[in-house]
Amino acid sequence: MVDQRTHFHAELEGLEQSIHEIGDRAHELIGKGVRALIDDDMDLAAEVRAGDHIIDQMYLDIHHRWINLIARQQPMGADLRLMSVLLHMSVTLERTGDQAVNIAEMAELCHGLPGSDRISQQIQEMSDLVRPMLRTAIESFIRRDADEARLLPAMDEPVDRLNTGMYREVVALGTDPRMLEWATHTMMAARALERIGDQAVDVGEQVVYLVTGELRDFNEEALDERGSES
């Protein structure tokens with residue numbers, strides 16, 4: 001029995017390590033996708049597509065290992081909770097890779113079109129916000145740090161503001177059809193970055209669940225806190 005449990009926890013650690021790697025790869029792809037868009041770099045856009053293919057294969061491998069492990073070991077209690085979180089995180093981070101591909105696709109659609117430095121700076125700013133969010137989410141999971149995970153909603157607020165303001169930036173470009181086409185595609189890239197921020201928050205909620213055993217939406221927690229203060 002001891003050997004069996006030791007093997008089980010070794011396999012759990014292996015799953016966790018694979019999820020860390022997916023997070024690292026997704027973090028890298030976000031940066032490449034944004035650079036492809038801003039620099040009109042189609043080689044980088046192709047790298048994002050190739051990188052996401054690797055993430056997809058890793059996700060399928062994790063899913064297969066997860067099913068085998070839960071079927072063989074039938075974990076209970078804290079182990080079952082960890083397995084639930086691992087599965088949820090693998091899905092979320094795989095979708096983060098998909099969002100990086102969405103940004104790369106917008107880069108391809110923007111290829112050769114005139115752009116706006118102001119909007120490019122705004123896209124870069126969003127990237128500079130969401131990539132640390134993803135890193136914070138992963139690190140809070142590694143350290144089992146619920147307090148660090150609870151920082152993520154506040155980190156997400158400026159991302160949401162920038163995404164909301166993108167429409168005004170697009171409209172301000174006026175009547176130049178080619179620049180307006182470019183700006184419309186970048187607005188979709190901004191939406192993808194906003195979704196990545198939401199996905200980082202989602203991982204943070206899973207970390208809190210793992211540590212505390214309570215699965216709650218961070219927005220609900222904020223409402224409860226405001227209610228207790230009034």
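This note goes through the predicted model point by point, from the whole chain to single residues.

1. Some ground rules come first. Residues are numbered from 1 along each chain as its sequence is written, and side-chain values use heavy atoms, with hydrogens and water left out. Because the model is predicted, local features need pLDDT of at least 70 and side-chain atom pairs count only at pLDDT 80 or more, while totals for chains, interfaces and linings use all residues.

2. The protein chain has eight helices and zero strands, where helices (H or I, at least four residues) and strands (E, at least two) are DSSP runs numbered from the N terminus. Along the principal axes, the C-alpha atoms of the chain fill a box of roughly 70 × 50 × 20 Å.

3. Of the 230 residues, 46% count as buried, a word that here means under 20% relative accessible area, with a 1.4 Å probe and protein chains only. Among contacts (heavy atoms within 4.5 Å) with a separation of 6 or more, 83% are between residues 24 or more positions apart.

4. Helix H2 covers residues 42-73, and its 32 residues should span 46 Å at 1.5 Å a residue, which agrees with the 46 Å between its end C-alpha atoms; the expected span is 1.5 Å times one less than the number of residues. The buried residues of H2 include Leu 44, Val 48, Ile 55, Tyr 59, Ile 62, Trp 66 and Leu 69. An α-helix has 3.6 residues a turn, so residues three or four places apart point the same way.

5. Both ends of H2 deserve a look. At its start, a side-chain oxygen of Asp 41 reaches to within 3.0 Å of the backbone nitrogen of Asp 43, and just after the helix, Gln 74 takes a positive phi of about 45 degrees.

6. Gly 33 is found in helix H1, residues 2-39, and is buried, with a relative accessible area of 0%. Leaving aside residues up to four places away in sequence, Gly 33 touches Val 48 and Ile 103. Gly 33 and Ser 84, by comparison, are 51 residues apart in sequence and 30 Å apart in space, C-alpha to C-alpha.

7. Ser 116 lies in the loop between helix H3 (77-110) and helix H4 (117-143), and is also buried, with a relative accessible area of 10%. Its side chain reaches the backbone nitrogen of Ile 119 at 3.2 Å. Not counting residues up to four places away in sequence, Ser 116 touches Leu 173 and Trp 182.

Key
Buried < 20%, exposed > 50% of the residue type's maximum accessible area, 1.4 Å probe, protein only. Polar contact = N/O pair within 3.5 Å; in protein donor to acceptor, adjacent residues only side chain to side chain.
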